[in-house]
Amino acid sequence: MDRADLVIVGGGAAGLAAAIAAGQLKGNRRVILLDGAKSLGAKILVSGGGRCNVTHEAVTAADFFGNRRIIKNVLAAWSVQHTLEWFAGMGVELKREATGKLFPTTDKARTVLNALLDRCHGLNVDVQAGRRVHGIERSDGGFTVQSSGGAILAGAVILATGGRSLPKSGSDGSGYALARALGHSVTSTVPALVPLILHERMFHGILSGLSHDATLTTVVGGKPVDVRTGSLLWTHFGVSGPVVMDASRFWTWAREQGDRADVYANLVPSWNPETARRWFMTQASASPRRSLAKTLALVLPERLAEAVCGSVDGDPLMGVAQVPRGVREALVAAITRLPLPVTTDRGWNYAEVTAGGIPLEEVNYRTMESKFVPGLYVIGEILNCDGRIGGFNFQWAWATGYVAGSAAMASCA
């Protein structure tokens, strides 16, 4: 039987970070990284539109959902500055964009993946692709890791299998079964950072490709649970864009819990209904003959203005001063609180991250070691922690990977 001091299961961002952290401390000990895919890092390559949004300039626990006390402590062990210096040491320079997101200066995700893999090889980490792990059992002094390439006797194991998002990348949720078999619990899991599909009665189809700022309010059980402003993108199937992706977890989670969830869009984020009414009255006084459509186009993209007008049966060619009060009130409502008839999310194949997973309370945040199984470490997306869009989930991967890889190697000593 093959033997190793440490086996890392999963070669995504967290697993590679753990491998590098462990490799730097391993001395003459052996570290093996196993991944079921034929080539590693598929999710890294598709992230950020193929550019890989490595992290964000400012990352705090407030950017994540989960036990924020634990998240705060993990992030404190590996800051954004650590990430910048770490990648610089691997020859990857990062640049900041206006949104605060950090990308490689090459604008190529392949730059990031190659640097991580090269560093693993330079540290003599045994990276083995195409070896799917289907069982982990406790044995005397360690673990027996059963994989498609045979069994490995390991002193310690790091579980970095990912969640359920983008299953084609190998992140298909199989790690949850491995964790359960070892005594861990797993909460419900739902797609997060995922586009939303709207009912066909909505006008999204004619707006496909149009983006603009909007404020989304998600209401669950009659109470607002999330309000956020950002760029909304209309698509042929519904809505996407950063503000939708961030809000999506509240809708998917409510549906999972069997609760009703409603999503509303304020198309002019700085307005409330009274602001909109006053604006209409001002326009009617200043330019009474200007058409309703052209008037709305002063504050909305032209295609959206026409769509909103049509949605309330308003005549787009009518002079704004001639618009009946009932139509004007309907427009005020449509602009400031437009119901988005969400029918479902776009599913795991389009979700960027998983909400839910192994409770953070079941690991020691100082080391990421399981509180139930000594020698088992749990990191990355498999844990019940998901961040908003913008590089935050990568920072979580680097941080948990570094902490676990360092601790696991120290324990092997």
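**Exercise 1. The open sheet**

Work out the strand order of the open sheet of 3 strands, and state the sense of its pairing.

*Solution.* Step one is to read off the order, which runs β3-β6-β5, with the pairing antiparallel. This is a predicted model, in which local features need pLDDT of at least 70 and side-chain atom pairs count only at pLDDT 80 or more, while totals for chains, interfaces and linings use all residues. Residues are numbered from 1 along each chain as its sequence is written, and side-chain values use heavy atoms, with hydrogens and water left out.

Step two is to find the edges of the sheet: β3 (55-56) and β5 (94-96) are the edge strands, each pairing on one side only. Strands here are DSSP runs of E with at least two residues, helices are runs of H or I with at least four, and both are numbered from the N terminus. Two strands are said to pair if DSSP finds at least two bridges between them.

Step three looks at one of these pairings, in which β5 meets β6 (residues 101-104) in the antiparallel sense over 3 bridges. Within that pairing, the residue of β6 that stands opposite L94 is P104.

**Exercise 2. The nonpolar cores**

How many residues does the largest nonpolar core have, and which of them have the most contacts inside it?

*Solution.* A nonpolar core is a set of buried Ala, Val, Leu, Ile, Met, Phe, Trp, Tyr and Cys residues joined through side-chain atoms within 4.5 Å. Counted in this way, the largest core has 85 residues, and those with the most contacts inside it are L116 and W398. Helix α12 (residues 392-412) supplies the largest share of this core, namely 11 residues.

Once residues up to four places away in sequence are set aside, W398 touches A13, A17, V54, W78, T83, W86, F87 and L116. Another core, of 46 residues, lies apart from the largest one, and among its members are A265, W271, C309 and L340.

**Exercise 3. The surroundings of A61**

Decide whether A61 is buried or exposed, and list the residues that are in contact with A61 beyond its neighbours within four places in sequence.

*Solution.* First locate the residue: A61 is found in the loop between β3 and β4 (64-65). With a relative accessible area of 12%, A61 falls under the 20% limit and therefore counts as buried. Leaving aside neighbours within four places in sequence, A61 is in contact with R68, I71, K72 and L75.

**Exercise 4. The chain as a whole**

Describe the protein chain by its secondary structure, its span along the principal axes, its buried share and its contacts.

*Solution.* The secondary structure comes to 12 helices and 23 strands. Along the principal axes, the C-alpha trace of the protein chain spans about 85 × 45 × 35 Å. The chain has 413 residues, of which 55% count as buried. Finally, among the contacts in the protein chain with a separation of 6 or more, 74% are accounted for by residues 24 or more positions apart.

Notes: Buried means under 20% relative accessible area, exposed over 50%, partly exposed in between (1.4 Å probe, protein chains only). Contact means heavy atoms within 4.5 Å.
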